[in-house]
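The sequence and the model are shown first, and a description of selected places follows.

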Amino acid sequence: MKKVWKMFFAAMFALLMSIPTFAAGRLSVQIGNFTSFKETPNGVLISADNAKLSLTVYGPEVVRVRATQGDFSDLPSYAVIGQPTGKFTSVKDESDKLVLSTGELTVEVNKNPIIVRFYNKDGKLLNEDEKGLGISWLGTGTTCYKKLQPDERFIGLGEKTGNLDRRGSAYEDWNTDHYGYPDNADPLYTSLPFYIGLHNNLSYGIFFDNTYKATFNFGASNNRFSSFGAVDGEMNYYFFGGNSVAELLKEYTGLTGRMKMPPMWGLGFQQCRWSYFPDTEVLNLARTFREKKIPADVIYLDIHYMDAYKVFTWNKERFPNPSAMIDSLKDMGFHVVTIVDPGVKKEKGYRAYESGLKNDCFVKYPDGINWAADVWPGTCNFPDFTNPKVRTWWGDLYKGLVSDGVTGFWNDMNEPASWGNMVPNLVEFDMEGHKGTMEEAHNIYGMQMARSTYEGAAKLMNGKRPLVLTRAAYAGVQRYSAIWTGDNVASDDHMLLASRLINSMGLAGVPFVGADIGGFTGKTTPDLFARWLSIATYTPFFRSHSEYNSRAHEPWTFGEDVEAISRKYINERYQMLPYIYSAFDEAHETGMPIARSLAINYTFDKNIYNPDFQDEYLFGPSILVAPVSSKQMFERVYLPEGSWYRKSTGKKYDGGQSVIVDAPLSDLPVFVKASAIIPMQSTVQNTAQKGDGILRLHIYSGSRPNKYLYYEDDGTTYQYQDGHFLRREFVFDPAAKKITIGKAEGNYTSKFNKIEIVLHGFDGMNSVKVGRKTMNLQKGEGNTQTLTLDAGKGETVLSW
Ligand code: GLC
C-alpha cells in the first residue's frame, strides 16, 4: 500500500514537473539560476538554468552583455567597429554572486537568479536588472528588464518624437517611410538604439545591438522597469559607465565609429526641391542665388533628373548635357547632389538592372525569385546591401554620376520603402554570408546602402570627400552619411520637433543631421519659412526642401522681408563656418554632436527637461539657440547657470533663470555663453571663397577661464588624415587677464593671414599688451573693441 502511494506521488510529481516545460512555449522564460562560469580571453561566460550569459570587456567602462538560450551568433555587428580590449582585472566568485571589476566599473552577477548590476568606481549603483524579470524570452523575442531608479530620466534613442526626457514613453525601432508623419509618430526612418539613463547625479549608457524590430520601454504603463528587447535575435547590449553625457558619447562613438570630416561645402546652404528641372531652371536657380547675394553651395536634383526614375540614368530631354550643366554650376560655386533610391527598375536592356541580374545582386524570396515591389519607377528589384559583393557593385554604379561631376549622393526610400509599405519578412539576405531574412536585415538596409554609396563614391572621387545623405539608418551610420528627418510637415510644431529630433540623433552618435526647412509637405507661410530658416542656420545640415507641387521654397519667393531675413541668417551661417567646422572636428575626434541638447552640459538641471524649454540646445560649445514658434514674437527662454549674452544685441543675462525676450522673425533668441571664444569669418557667397583673409575671434567677457580648439584643413580632401590640418588653441583667462593664441599645430597653412580679436563686454578697456607692446583697441561693430594681428604660426599673448 505504502509503495502504491509512493508511486502515485512520484507520478503526480513528474506530472507537475512537466507543466513548466509544457508552458515554456507560451509563458516567458527567465535566465534562471547560476550553474557555473569560466573566464574567457576578455571576460567571463556564465551558464545558468535556461541560458548562457557572456560578459566581455570592450574598455574600462564598456562591457558587452550577451545572453542566449542556444548558441551565440557569429554574425559580425554592422554597428560596432571597436574590439574587446583588456579583461576583468578582478574576478571574485562569492557564494551568492560573481563580482567582476575593470577598475572603473564593477559588474555584479547575482547567482540565484541571475541578475546583473553595474557599479561605478565609487561603488555607486548605476544600473541593475529588475530582480524578478532580468533577461527574459517570450517565444523568439528577448527583453532585458532594468529596475527603474528613483527619478530616473532617459535621453537619446535617436530620431524619436516626444519629450527630451523619455521617461514614461515607449518606442519601437523599425525603419519606416512615414510621409507627413504626425509630430508624435513612432517609428520613423532610422534605428539608433543607444540611450542614456540619468539618476542621482549618475549617468550610464546602453546600446542594444540587435537589428530585429525592437521595443524600448522607459517606464511606459508601468512603474517597475525600463526595458529593451527585440522580436528575435540575441540579447546583446553594451553597457557604458562614463560619468558624464559627453564621456558616454565618446565611449559609444569609440565603439560604433565617428564621422569623417565632411566636405566643407556640405556645411553651406543647400537648396532642394522635388524637383528642379530642366537644366535651364537649375542654372537660373544658381544665378538667382548669386544675383541676390544669398550664399549657397548646393543644388539637389530629385527624382525627375532621371529617365523614368531609373537610378543611374539622366533624362536626356531635361538634362541633355549634365556634365556641361554641372561645370557651369561649378563655375558659379555650386555642387550638385543627386537622389539615388535603392529600387532598380525591372526593365529589359536597362544597364543597372541587367548588371544586377547578371551579378545576382537582388534580394530573393526563399524560392529564388527576386523580391519585386513598386516604387517611383514602377516594379523594382532591390539590391542586397548586406552582401559585400553587392555593395561593391552598387558603389561602382556611381561612376557615371561622378564623371559627370556630381559630388553628393542622396539615398532615399531605403527603409526600404515601397508602395504598400509592407516588406515581406521572409525575403532573404546574404548578411555577410551568414544568411538572414528581412526581419533581421530591414533596420540595417538603409545604413548598408549608405555605406556602399559612401565607399563607392569615395573610391571614385580621387581623394575628394563625397557628401552622402540617407533617410534610413542604423547605429554606426555616422561613419558614412548625414541624415535628414524625412517627410516632415510645414507646421510650427514640426519645426520645434525638428530641433528635438536633431538633438536626439546627436545624443545617439549621429552629428550631421538636419530637417527640411519650411516643411516638406503642407503649405508653409512666409513667417514659418523665415523662422524655420533662422533656426536651421544653427543646425548641422542646412537644407531647404519641399515636395512636388508645393509652393516655391526659395528664400526670395516669400516677399522682400523674408528674403532679407533669409539673407541675414544665411550670411551669418557662412560667417560662423570656422566655428562650425571646428565643431565638426570635435565630432570627428570625440563624437560630441554639433547640435547639443542641453542635457549634455546641464544634465542634472531639471529645468532643461521642462517641455517649455526642452527644444533649446547649444550649437557648438557656446551658442544657445531657443527655437520659437513663428506665431510668437516673444519667448520665455531658460538660460542655464552662468552668464549669457544675447548674440544680436550684446545684452547680458544672468543664467539659472528663465527670461522673457523679444523674438521677432528677424531676431531668433540666440545667446552666447560668457567667456565664449567664437571664430568667424567675413561673409562669403560659397564655402570655396576665401573671404577677406581675416579670422575674427569673438571673445565674450566672463569670469571663467575658457579654452577653444580651432581647426582648419583644406575642406575637400582626406589629406587631413596625414597631418595636413591646422589646430590652434585659443585660451581666455580672465583671472590672469590674458588671451593666448596658441602655436599652430599641423602642417596646413591657414587661409587666414590676419586674426582680428573682437572683444564683447570688455567695457572701458582701451588697449592691450601684445607681448610687451601696448596696442590701442579700435571701436568695432555694436559694443565691441577690436585689434587686428598677423595670424602667424607662433604663440601670441594679449594681456591687460
Ligand atoms: C521621398 C523623400 C523626399 C523626396 C521624395 C521624392 O518622399 O523623403 O525627400 O523629395 O521622396 O524623391
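Does S452 count as buried or exposed? At 1% relative accessibility, S452 counts as buried, where buried means under 20% relative accessible area, exposed means over 50%, and partly exposed lies in between (1.4 Å probe, protein chains only).

The model is a predicted one, in which local features need pLDDT of at least 70 and side-chain atom pairs count only at pLDDT 80 or more, while totals for chains, interfaces and linings use all residues. Residues are numbered from 1 along each chain as its sequence is written, and side-chain values use heavy atoms, with hydrogens and water left out.

S452 is placed in helix α8; helices (H or I, at least four residues) and strands (E, at least two) are DSSP runs numbered from the N terminus. Leaving aside neighbours within four places in sequence, S452 is in contact (heavy atoms within 4.5 Å) with F385, R391, W394 and G395. A polar atom of the S452 side chain lies 3.1 Å from the backbone oxygen of R391. Such a polar contact is a pair of N or O atoms within 3.5 Å; within protein, one must be able to donate a hydrogen and the other to accept it, and residues adjacent in sequence count only if both atoms are side-chain atoms.

R391 belongs to helix α6 (residues 388–396), in which V390, R391, W393, W394 and G395 are buried. The cover over the buried residues of α6 includes β23 (335–340), β24 (344–345), α5 (351–358) and α8 (438–460). The N-terminal end of α6 is capped by N387, with a side-chain oxygen 2.9 Å from the backbone nitrogen of K389.

## Surroundings of the ligand

Which residues surround the ligand? They are W274, D302, I303, I339, W376, W410, D412, R471, W484, D487, F520 and H545, a residue being near a molecule or strand if one of its heavy atoms lies within 4 Å of it.

| Residue | Atoms in the pair | Distance |
|---|---|---|
| D302 | N or O atom of the side chain; oxygen atom of the ligand | 2.5 Å |
| D412 | polar side-chain atom; oxygen atom of the ligand | 3.0 Å |
| R471 | polar side-chain atom; oxygen atom of the ligand | 2.8 Å |

## Two helix pairs

Helix α3 (residues 279–291) packs with helix α4 (residues 322–331) at an angle of about 5 degrees, and their axes are 10 Å apart. Axes are lines fitted to C-alpha atoms, for helices over the stretch in contact, and angles run from 0 to 180 degrees between N-to-C directions. The two helices α3 and α4 are therefore roughly parallel to each other. Angles under 35 degrees count as roughly parallel, over 145 as roughly antiparallel, 65 to 115 as roughly perpendicular and the rest as oblique. D279, V282, L283 and A286 of α3 meet M325, S328 and L329 of α4 in this contact.

Helix α11 (residues 560–575) and helix α12 (residues 577–590) pack at about 55 degrees, with axes 5 Å apart. α11 and α12 are therefore oblique to each other. Here R573, Y574 and Q575 of α11 make the contact with L577, P578 and I580 of α12.

## Buried residues in strands

S544, in strand β34 (residues 543–544), counts as buried at 0% relative accessibility. A polar atom of the S544 side chain lies 3.4 Å from the backbone oxygen of H553. Beyond four places in sequence, S544 is in contact with residues including F269, C272, I517 and H553.

F208 lies in strand β17 (residues 202–208) and counts as buried at 1% relative accessibility. Its C-alpha atom is 8.1 Å from that of G229, 21 residues away along the chain.

## Loops and backbone details

G463 sits in the loop between α8 and β30 (467–470) and is partly exposed, with a relative accessible area of 33%. G463 and T717 are 254 residues apart in sequence, yet their C-alpha atoms are 5.6 Å apart in space.

A cis peptide bond, with omega about -5 degrees, joins F277 and P278; P278 lies in the loop between β21 (270–271) and α3. The peptide bond from E415 to P416 is also cis, with omega near 0 degrees.

S221 has a positive phi, near 55 degrees, in a residue other than glycine, and S221 is exposed, with a relative accessible area of 84%.
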